[in-house]
Amino acid sequence: MFGFNYYTPTKVVFGKDTELKVADLIREFGGTKVLIHYGGGSVIRSGLMQRVTDTLDGAGIQYVMLGGAVPNPHLGLVYEGIELCRKEGIDFLLAVGGGSAIDSAKAIGYGVTNEGDVWDFYDRKRDVQACLPLGVILTLAATGSEMSDSSVITKEEGLVKRGYSSDHGRPKFAIMNPELTMTLPDYQTACGCTDIMMHTMERYFTNGGNMEITDSMAEGLLRTVKTNAQILAKDPKNYDARAEVMWAGSLAHNGLTGCGNDGGDWMTHMLEHEMGGLYDVAHGAGLAAIWGSWARYVYKNCLPRFKRYAINVMGVEPAGTDEEIALKGIEAMEDFYRSINMPTNMRELGISPTEEELKDMAHKCSVSVGGASGSARVLNEEDMLAIYRASM
């Protein structure tokens with residue numbers, strides 16, 4: 001195992017009607033004038049936004065609203081939010097929605113409090129020194145951005161999707177009411193469950209350092225999400241299943257399931273980022289579509305971990321060679337994706353990149369990771385291209 005730092009400063013307020021506590025939480029963390037950042041009309045149609053603004057009005061907290069956050073959130077909206085915050089004297093950000101609104105709000109917070117172009121941080125040219133304080137009302141369990149240090153933004157010019165991580169961007173509080181996720185389409189729920197599992201799987205399939213306690217927590221989380229994702233596919237109004245998935249989403253990406261290892265692999269995410277940047281696909285679905293091809297490409301280099309995953313998470317019988325068990329685990333994972341109507345290749349995802357587009361994605365992916373990256377197996381541009389081709 002390796003040494004580690006574990007930092008999770010976000011205050012979590014979990015349960016029914018917790019969105020009504022938003023004004024008290026904003027005041028607790030020093031907010032006086034708030035930018036409410038959200039996505040489309042779902043938070044308005046559901047009545048959530050009205051409850052939020054009524055609560056802020058009752059508390060005498062000023063606010064300005066900025067909608068428009070989309071899946072694979074756009075840099076252009078981030079620039080708009082930065083300008084609006086500076087014009088209005090905003091001192092607190094409130095993201096109402098899922099990972100897209102939260103990630104976009106983090107980027108806005110970086111842009112307001114740091115000089116220069118905010119894209120520099122996502123382009124790895126420099127690091128942030130501060131961020132506007134941020135709170136979250138979560139409506140989609142998926143990215144874990146409500147407790148994580150990460151955000152992902154897409155630059156429209158060149159269709160470049162990049163992530164950036166900084167403890168400065170961790171939310172001050174996260175309000176989590178599982179009932180708020182019940183209006184989601186089944187597809188979005190399944191995408192969220194896939195993303196949650198992948199955040200832990202990326203930390204699990206490593207060749208550098210492991211702790212038994214971390215592995216046990218990771219495997220328990222993965223089994224829990226797998227079970228409850230299948231429950232929600234049949235019973236989307238199941239509160240307990242929603243609650244299990246929502247809390248798992250936060251724990252999957254706040255660092256807990258990676259304590260003691262080398263930081264994880266993350267190449268499935270990096271490969272998907274280029275698919276999302278080019279085709280604007282749902283992130284969770286993109287992850288499901290590329291994972292099997294990545295797994296079959298790297299499993300021999302990380303065989304003990306794939307064998308353990310197959311047995312402890314996917315329930316594969318420990319009979320046969322290690323390689324046979326590992327492959328059965330990969331097949332079982334793809335069967336699980338199909339059971340919740342997630343794709344297992346690009347064709348099922350609905351995209352058909354040309355050879356030139358595959359090469360372009362592989363090149364951009366290589367650039368984004370500094371040439372080569374991976375823990376289960378270090379991948380270079382040629383390897384990335386082979387995985388993209390296999391997913392066709």
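**View A. Residue classes lining the second largest pocket of the predicted model.** By class, 8 nonpolar, 2 polar and 3 charged residues make up the lining of the second largest pocket, a lining that comprises 13 residues in total. Those lying nearest the centre of this pocket are Pro9, Asp167, His168, Arg170 and Lys172, and the space within the second largest pocket amounts to about 170 Å³.

**View B. The aromatic pair of Phe205 and Trp294.** In this predicted model, the count of aromatic pairs comes to 17. For Phe205 and Trp294 the ring centres are 6.1 Å apart and the planes stand at 65°, so the pair is edge-to-face, given that angles over 60 degrees are assigned to that class. The two residues, 89 residues apart, link distant parts of the chain, with Phe205 in the loop between α7 (186-204) and α8 (212-234) and Trp294 in helix α11 (residues 283-298). Phe205 and Trp294 are both buried.

**View C. The aromatic cluster that includes Phe205 and Trp294, with Arg305 over Tyr204.** One aromatic cluster is formed by Tyr204, Phe205, Trp291, Trp294, Phe306 and Tyr309. Tyr204, a member of this cluster, also has Arg305 lying over its face, at 4.2 Å from the ring centre.

**View D. Lys16 and the ring of Tyr239.** The charged end of Lys16 is placed over the ring of Tyr239, at 4.7 Å from the centre of that ring.

Key. Residues are numbered from 1 along each chain as its sequence is written. This is a predicted model: local features need pLDDT of at least 70, side-chain atom pairs count only at pLDDT 80 or more; totals for chains, interfaces and linings use all residues. Side-chain values use heavy atoms; hydrogens and water are left out. Rings of Phe, Tyr and Trp (its six-membered ring) pair if their centres lie within 6.5 Å; planes under 30 degrees apart count as stacked, over 60 as edge-to-face and the rest as tilted. Helices (H or I, at least four residues) and strands (E, at least two) are DSSP runs, numbered from the N terminus. Buried means under 20% relative accessible area, exposed over 50%, partly exposed in between (1.4 Å probe, protein chains only). A charge sits over a ring if NZ of Lys or CZ of Arg is within 6 Å of the ring centre and within 35 degrees of the ring normal. On a 1 Å grid over the protein atoms alone, a cavity is a set of points where a 1.4 Å probe fits but cannot get out, and a pocket is an open set with protein on both sides within 12 Å along at least five of seven lines; lining residues have an atom within 4 Å of a point. Grid points are joined across faces, edges and corners, and a volume is the space filled by probe spheres set on the points. Ala, Val, Leu, Ile, Met, Phe, Trp, Tyr, Cys and Pro count as nonpolar, Asp, Glu, Lys and Arg as charged, and the others, Gly among them, as polar.
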